[in-house]
Amino acid sequence: MGTKTEYDNNGTLVVIRVYDAPRQAVFDAWMETSKVQDWWGCADTVEVKSEIEPKLGGKYCHEMTLRNGYVQPGRAEFIEYDPPRVFAYAAPRSDEMPEGEGMDMKVRVEFIELNDNQTEVRLTHTGIPHEFSPFIEDGWTAAFGKLFRFLVTQAHAA
């Protein structure tokens, strides 16, 4: 099964994928800076710098450098943290958002243990301005694919 996505007109995107890896390993891939920097970002990402403080109120920040040299900063704070089941973060309103779009974007990631070696990841991203939805959906789809390749590589290295 590949990555499934569903976007509604209220600015909510849901992304789901099943990984052949234990829940703790998948969760760690999202929390450990050295691992996140190997897979995070859209298809055009060539480098990621991360700062992660895995705790309620901690930072969850990623700066992506794209192929064209553009640097996309991303800063957020954990608003929910229950390892290895779930975490959520909120990103403050960006100056790039259209006028009148005042809501913060929030991302909640659930790790559902299907069996000892399979984990479903369900990401819910809310507060997406409609005009950004295609880019954000494409970005998460690419990232979930990159995470799949990362986890396969980690499994073969073990």
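**The sheet and its packing**

Mentor: In this predicted model, strand E8 (residues 105–115) and strand E9 (residues 118–126) form an antiparallel pair with nine bridges. Within this pairing, Lys 106 is placed opposite Thr 126 of E9.

The pair belongs to an open sheet of six strands, whose order is E1-E2-E9-E8-E7-E6 and whose pairing is antiparallel. Strand E1 (4–8) and strand E6 (77–82) are the edge strands, each of them pairing on one side only. From one strand to the next, the twist averages 10°. In general, strands of a sheet pair through backbone hydrogen bonds, in either a parallel or an antiparallel sense.

Two helices lie across these strands. Helix H3, for its part, lies across E1, E2, E7, E8 and E9, running at about 15° to E2.

The largest nonpolar core has 36 residues, of which Trp 30, Trp 39, Trp 40, Tyr 60, Phe 87 and Trp 140 touch the most other members. Helix H3 (residues 133–157) supplies the largest share of this core, seven residues. Trp 140 may be examined individually: leaving aside residues up to four places away in sequence, Trp 140 touches Leu 13, Val 15, Trp 30, Trp 40, Tyr 89, Val 107, Leu 123 and His 125. As a general background, nonpolar side chains in soluble globular proteins tend to be buried together.

Technical notes:
Residues are numbered from 1 along each chain as its sequence is written. This is a predicted model: local features need pLDDT of at least 70, side-chain atom pairs count only at pLDDT 80 or more; totals for chains, interfaces and linings use all residues. Side-chain values use heavy atoms; hydrogens and water are left out. A nonpolar core is a set of buried Ala, Val, Leu, Ile, Met, Phe, Trp, Tyr and Cys residues joined through side-chain atoms within 4.5 Å. Buried means under 20% relative accessible area, exposed over 50%, partly exposed in between (1.4 Å probe, protein chains only). Helices (H or I, at least four residues) and strands (E, at least two) are DSSP runs, numbered from the N terminus. Contact means heavy atoms within 4.5 Å. Two strands pair if DSSP finds at least two bridges between them. Axes are lines fitted to C-alpha atoms, for helices over the stretch in contact, and angles run from 0 to 180 degrees between N-to-C directions.
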